[in-house]
Amino acid sequence: MPEKKSKSKTTEVQDFVPSGKSRREKFSNYLIDISKYVMTGVVIASLFKDFSDNRPMIYLGGLFIAFMALGAGLVLTDKKKGK
C-alpha cells in the first residue's frame, strides 16, 4: 500500500485562503460588510421598535458609523479605472 503524504498546517491554511486577495482587500470587504450590518441592525431595526426618547441619536449614530465604515472600505479597495 502506498503511504499517504500528510499536509503540513501551513499548506492547509494556504489552501483555505483564496489566492489573489491581499489583506487590504479582505479588510476593505470586512468594513463594507460591517457597514451593511450596522445599517440593518441599528437603523432598520429601530424602525420596528419604539425608541421614542433616543430615536434621532440612534439614527444619526448608526448612519454615521455605517457611512464611515463604507467610506473606509471603499478607500481601501484600491480599484482604479486602469486596472
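These are my notebook entries on a predicted model of one protein chain.

**Ground rules.** I number residues from 1 along each chain as its sequence is written, and my side-chain values use heavy atoms, with hydrogens and water left out.

**Overall layout.** I looked up the secondary structure and found 3 helices and 0 strands. Along the sequence the pattern reads α-α-α. Helices here are DSSP runs of H or I with at least four residues, strands are runs of E with at least two, and both are numbered from the N terminus.

**Surface and contacts.** I noted that 14% of the 83 residues count as buried (under 20% relative accessible area with a 1.4 Å probe, protein chains only; over 50% is exposed, and in between is partly exposed). The chain exposes about 7,400 Å², and 64% of that comes from carbon and sulfur atoms; the method is Shrake-Rupley with a 1.4 Å probe. I also checked contacts (heavy atoms within 4.5 Å). Of those between residues at least 6 apart in sequence, 62% join residues at least 24 apart.

**H2 against H3.** Next I turned to helix H2 (residues 23-48) and helix H3 (residues 55-77), which pack at an angle of about 165 degrees with axes 8 Å apart. The axes are lines fitted to C-alpha atoms over the stretch in contact, and angles run from 0 to 180 degrees between N-to-C directions. That angle makes H2 roughly antiparallel to H3 (over 145 degrees; under 35 is roughly parallel, 65 to 115 roughly perpendicular, and the rest oblique). The residues of this contact divide into 20 nonpolar, 6 polar and 2 charged. In that scheme Ala, Val, Leu, Ile, Met, Phe, Trp, Tyr, Cys and Pro are nonpolar, Asp, Glu, Lys and Arg are charged, and the others, Gly among them, are polar.

Leaving aside residues up to four places away in sequence, I listed what each one touches.

- Ser 28 lies in H2, is buried at 0% relative accessible area, and touches Gly 73, Leu 76 and Thr 77.
- Ser 35, also in H2, is buried at 7% and touches Ala 66, Ala 69 and Leu 70.
- Gly 73 sits in H3, is buried at 0%, and is in contact with Ser 28, Leu 31 and Ile 32.

Methods
Predicted model: local features only at pLDDT ≥ 70, side-chain atom pairs only at ≥ 80, totals over all residues.
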